[in-house]
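The sequence and the model come first.

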Amino acid sequence: MNIEVILKIFNVGLTHYLILGAILFCIGILGLIISRNIIRVLMSIEILLCAININFVAFANYNDINNLQGQVFAIFIMAVAAAEAALGLAILLSLYRNKPTVDTEEMKELKG
Amino acid sequence: MDIIYNLFFYAIAFVLVIAALSVVFLPRIVYSAVSMILAFISVAGIFVLLNADFVAISQIMIYAVGITIIMIFAIMLTGRVSEKKLWIAFAPRTLFAFAIAGVFFVTILFTVTNGFKSLARESSIFSTTLPSIETIETLQTQGTTGIIGKALFTKYVLPFEILSLLLLAAILGAVVMAKKDRDNLINPTTRLIEED
Amino acid sequence: MEFFVENAGLIALLPLWVFLIIIFGQNLFVYENKKFTLWLTISSTFIGLICSSFILAWTFDNTTPYVQNFNWLEAGNIKLSVGIIVDRLAAMMLMVVTSVSLLIQIYSHEYMNKDEGYHRFFAYLNLFNFSMLGLVLSSNLFQTYIFWELVGVSSYLLIGFWFKRPSAAAAATKAFIMNRIGDCGLLIGILMFLYFSIGWWASNSDIFLSFTAMPDAAKYVFDSTNPFLYTVIALLIFLGPVAKSAQFPLHTWLPDAMEGPTPISALIHAATMVAAGVYLIARVYPIFELSHDAMTVIAWTGAITALMAATIAITQQDIKKALAYSTCSQLGFMVMAMGAGAYTAGLFHLMTHAYFKAMLFLCSGAVIHGLNDQQDMKYMGGLRKHMPAVAYTYLIGCLAISGIFLSGFWSKEEIFTGLLEHNQIVLLVIAMAVAGMTAFYMFRTYFLTFEGEYRGHEHPHNASKTITLPLIILAIPSAIIGFALCGKFGLPSFDAFMRVTEETVSHNESLLIPAVSLIVSLLGVGLAMVLYVEKYRNMLKINLDNFIQKIKPVYDFSANLWYINKTYYKFIDYVVLPVSEFMSAFDKFIVDGIVNLAALWVHFCGWILRLFQTGNVQTYATILFGGLIFLTFVFTIYWLL
């Protein structure tokens, strides 16, 4: 294990992008589950989707540089994410009208 | 061994991770929204590093602008900024979330590095070399837009059209759900002056 | 004549159909026509009587029984069958049952005419007829048990006929439960017998527990079990007749059964149902014969019953209760005779007793009816002037039962002779004493009811023809049937008729037994005359009340029915009820508790599962992602290996 081999690890390749995507995905899951604010939950969902996009585009770059199908799919994902965020806001507003709070701990009508 | 490339990657990645963590762990929701903007822009930077210029721009347009606006609306319409900070729930699910995230990360790490082997060797299942200089130069002059456009209108034209339908449905749904005066939607009246 | 024998089952089925017609007719049409019910019933019984007489004629010539069986249930190596057997014993019983039934049905028309339950009464009468005739014709022990239970049910329904009276309902329940105790023993005995002989029956061509194969089966069981066990089986089987024929421990239902209408007391509790027990003893006699100890127990049970019932009957004031105890005592005679080995003597007494006891009950019914339901003999007396026909037939009955020249004399004499032949001297002495007491108390009832001055407040009126005609008809066999079948002086012999084997038994032709029994009976009559006819009482200056005061403890012991009823009630209060309370608590807390525990377990599991439903979306998201990550993990491991 000399310096060259160790440095080779840090040479950026597909692996690193995938690890980055994984980190972001985990952070997104974390935010989704442990947040007490509904808006923070929505933001975590967006982070999740961004992580996925990174994965797709990384694969497109390293394995499919001629057709770039990964990037096409990333476009689709972005469109769906936008639609979903809009609807998330609409739901949030409906919830807020019902009970004027954005606390997830308060939204327990279906308990039991 | 492009040092600048690596440097840029690590810098942007670092910022991205910090921003994402801030989204989750900052107490005030507005701070969280701002760091979300930073996170999106960093993701755009990552896309640029990946030769995906069109995707990077659309990332900024859609996420960093559109979705941020949505989140700001959400924050503003639902309570004052100086409300009590709703941060993390201290419930059993928190521990489970950390466990899940940890396990997932380790699993992905394991898979992606082919059992931690590729960290020691140069060659692996997945290629670690950048594409050839010629292709990169072509991409850098012409851009990816053409290729993406060609794919969208030939191979992926059906998902494209369905996506437009999806967006239409999303718009209508959002409008209906967020409207205050729902009764008027079901039984529309054509009155100039609304009498309550 | 074979036609009647082959279709003997019809005799039993006709009353069943009439029962169904009456029941369905009443429930569907609610018809009021009493004549319809009456004539249906009487015609079915009359047809039965005609057929029975033909069957009886057939059995004069044929000694081998006619048996016909149908396969009913088969399970493994147990095959149950239903069928009929027509032999001399069955023919005799058929004659008795149908003739007595017919006369009582004619009588009941007048007696129950003003009762609102007239149709129900006749329906139950038909049900009883069916059960009794079925029991008599049964060819195997299982079928007998079925009809045994049916007869018990009919008895319950008829005792509790006036069910709105609490005492009647209680008496019916008591009768049924006591019979049930006997039936329980009978069933266990039958099952034990079957258990020990199942191999023999399986390899035999005859049907299971058939009466024709009973001697051989009994021999087989006797050889294959130790004597104690065999005696136990025999005594368990005997428990059935103990209950049904009101023998000593299980007799208390019979006096209480007098709550039913008098025709019922005559039919069921004098002539037929209580005779079913004796009939069963006759049928399973091969089983009893092989166990000397069982026979001893049977004989002594009969003796104790006879003695006890006779002593109680002396002090009874209610005429029907006196007659009930008299029945009990005579049944004890029959059982004693059979236990001592005098099989045919017991059956002879059964037949004569059926006729004169039915007649006695019907007479007492006529008296009660004529006095507007007054049953206490304190308020009777001098009724001979008002109801001469009833009085004279009652007198004939009393003479018969006391053993003075009429039919009872001959049958009792056969019993005494049989006891002597089998060297049962002690039993003979007891039997003689009881005969004397019988004469005493029967004539006591006669004198109290029909002689002297009328002590009551009603206006006694004579009975109508419909009531007196059966009485007169019954008086004929009561008077002469004993003499007609005694076998002496060249007359046909019941004894020889019943013995299927042609062995000739030499009879002791001495006149000692008849003379002694006659003297004892006349002594009894004389004592009764002295104590209860005022003319003679005043002549001898006997004060009845003083006399009773002097023997008060004995009198009370008798009048309180030897305190047996009270003992039973105390037993129930202090033993049976606490046990049943315990069992009820056991059922409630343990058995129900186990069931509730199962439900509680479901509740508990539901509670645990409900903990997952927090209503919080993020919890659900946790589970979602958790599942996803778990799958990823599993596939990674799979990929690795």
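The points below are grouped by topic, starting with the interfaces. The model is a predicted one. Chain A and chain B bury about 7500 Å² between them, while chain C and chain A bury about 950 Å². A search of the whole structure gives 1 cavity of 30 Å³ or more, and 12 salt bridges are found over all chains.

**Interface of chain A and chain B**

- Chain A contributes 74 residues to this contact, and chain B contributes 88 residues.
- Of the buried area of about 7500 Å², 77% comes from carbon and sulfur atoms.
- The rule finds 1 salt bridge across this interface.
- B:Arg93 pairs with A:Glu105 in a salt bridge, with 3.3 Å between the closest N and O atoms.
- Polar contacts across the interface of chain A and chain B join 15 residue pairs, counted where both residues are at pLDDT 80 or more.
- On the side of chain A that touches chain B, at least two residues come from each of helix 1 (3-9), helix 2 (14-34), helix 3 (38-63) and helix 4 (69-98) of chain A.
- Helix 4 of chain A gives the most to that side, namely 23 residues.
- The side of chain A that touches chain B is made up of 50 nonpolar, 17 polar and 7 charged residues.

**Interface of chain C and chain A**

- Here 11 residues of chain C are in contact with 15 residues of chain A.
- Carbon and sulfur atoms account for 61% of the area of about 950 Å² buried between chain C and chain A.
- The number of salt bridges between chain C and chain A is 0.
- There are 3 residue pairs in polar contact across the interface of chain C and chain A, both residues being at pLDDT 80 or more.
- On the side of chain C that touches chain A, helix 27 (residues 617-640) of chain C gives the most, with 6 residues.
- By class, that side of chain C has 4 nonpolar, 6 polar and 1 charged residues.

**Largest cavity**

- The largest cavity holds about 40 Å³ of space.
- Its lining consists of C:Met92, C:Met93, C:Val96, C:Val97, C:Ala271, C:Thr272, C:Ala275, C:Leu350, C:Met351 and C:Ala354.
- Helix 4 (88-111) and helix 16 (343-370) of chain C are the elements that give two or more residues to this lining.
- Helix 4 of chain C supplies the largest share of the lining, 4 residues.
- The lining of the largest cavity divides into 9 nonpolar residues, 1 polar residue and no charged residues.

**Second largest pocket**

- The second largest pocket has a volume of about 750 Å³.
- It is lined by 31 residues, of which C:Arg444, C:Tyr532, C:Leu544, C:Ile548 and C:Tyr555 are the closest to its centre.
- Five helices of chain C are listed as giving at least two residues each to the lining of this pocket: helix 19 (425-450), helix 22 (512-532), helix 23 (534-540), helix 24 (544-550) and helix 25 (552-559).
- The lining of the second largest pocket contains 18 nonpolar, 6 polar and 7 charged residues.

**Salt bridge within chain C**

- C:Arg180 and C:Glu149 form a salt bridge in which the closest N and O atoms are 2.7 Å apart.
- C:Arg180 belongs to helix 7 (residues 166-202) of chain C and C:Glu149 to helix 6 (residues 141-159) of chain C, so this pair ties together parts 31 residues apart in sequence.

Notes
Residues are numbered from 1 along each chain as its sequence is written. Chains are lettered from A and ligands numbered from 1 in the order in which they are written. This is a predicted model: local features need pLDDT of at least 70, side-chain atom pairs count only at pLDDT 80 or more; totals for chains, interfaces and linings use all residues. Side-chain values use heavy atoms; hydrogens and water are left out. Contact means heavy atoms within 4.5 Å. Buried area is the accessible area (1.4 Å probe) that two parts lose on being put together, summed over both. A salt bridge is a side-chain nitrogen of Lys or Arg within 4 Å of a carboxyl oxygen of Asp or Glu. A polar contact is a pair of N or O atoms within 3.5 Å; within protein, one must be able to donate a hydrogen and the other to accept it, and residues adjacent in sequence count only if both atoms are side-chain atoms. Ala, Val, Leu, Ile, Met, Phe, Trp, Tyr, Cys and Pro count as nonpolar, Asp, Glu, Lys and Arg as charged, and the others, Gly among them, as polar. On a 1 Å grid over the protein atoms alone, a cavity is a set of points where a 1.4 Å probe fits but cannot get out, and a pocket is an open set with protein on both sides within 12 Å along at least five of seven lines; lining residues have an atom within 4 Å of a point. Grid points are joined across faces, edges and corners, and a volume is the space filled by probe spheres set on the points.
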